[in-house]
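This briefing covers salt bridges, helix packing and model confidence for the structure shown below.

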Amino acid sequence: MSEATGTVIAGVIAFASAVIGAVIAGRYAKRGAEAGGRKAVEAALAQVHGQAAAEHWQWVRSQRHQSFGALFAAYAALDDVLARIAPEVRNGVGPDEAAGRELRERALELQAKTSQLALWGPSEANVLAYSLTGKSVAAVSSLLQVENVSSAGLSAAWSNFGLAREEMAQAHAVFLQRAGEIVRDPRQPIS
């Protein structure tokens, strides 16, 4: 075999080896790129999902915060009306029609805010909010009953109102404490 033929054969073998090597390297590069691309997509999806979850919980926290604030404002308004009307009732004057209507409106507003809060949970907060509303409505009823009691039962009626007012304040304190814990830890379940 001549030197020229050997060089041509060696060149053809080298060329074929280069082509085969390029094809094999291309396939591995393609597989590597696909695997890398999948990993990049999975990482991006995980990041987007994590960000969406964080934004969702921030939104829930904001809604809870607003609902708790609205409930506290409604409670404070009712408590103010009770504090203003109770001395009038004690002095035998009794609330006029406007004051009685305001008392009932404040109680209804508290009930409405409690119902709105039930959307955001957690269920423990809902239970405490309904307890607060129930105790508040009981205090309102107790005050309105004082007005209709004869003088012989007046002392017991005032005692009942005082007890109802204390229970109302206690329920408020318990709800206030738990609401603060919930707002600080928003990842509590939604009702």
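The side chains of Glu109 and Arg106 form a salt bridge with an N to O distance of 3.3 Å (a side-chain nitrogen of Lys or Arg within 4 Å of a carboxyl oxygen of Asp or Glu). This is a predicted model, in which local features need pLDDT of at least 70 and side-chain atom pairs pLDDT 80 or more, while totals for chains, interfaces and linings use all residues. Residues are numbered from 1 along each chain as its sequence is written, and side-chain values use heavy atoms, leaving out hydrogens and water.

- Glu109 and Arg106 are 3 residues apart in helix H2 (residues 97-117), about one turn of the helix; helices are DSSP runs of H or I with at least four residues, numbered from the N terminus.
- Glu109 is partly exposed at 29% relative accessibility, and Arg106 is partly exposed at 23% (buried is under 20%, exposed over 50%, partly exposed in between; 1.4 Å probe, protein chains only).

**Salt bridges between helices**
- Arg178 and Glu124 form a salt bridge, with their closest N and O atoms 2.8 Å apart.
- Because Arg178 lies in helix H4 and Glu124 in helix H3, this pair ties together parts 54 residues apart in sequence.
- Salt bridges with shared partners join Glu124, Arg178 and Glu181 into one network.
- Arg165 and Asp79 also meet in a salt bridge (2.5 Å, N to O).

**Confidence**
- The protein chain has an average pLDDT of 85, and 96% of the residues score at least 70; pLDDT is the predictor's confidence in each residue, from 0 to 100.
- Mean confidence is lowest in H1, at 82, and highest in helix H3 (residues 123-146), at 93.

Terms used: Helix = DSSP H or I, 4+ residues; strand = E, 2+ residues; numbered from the N terminus.
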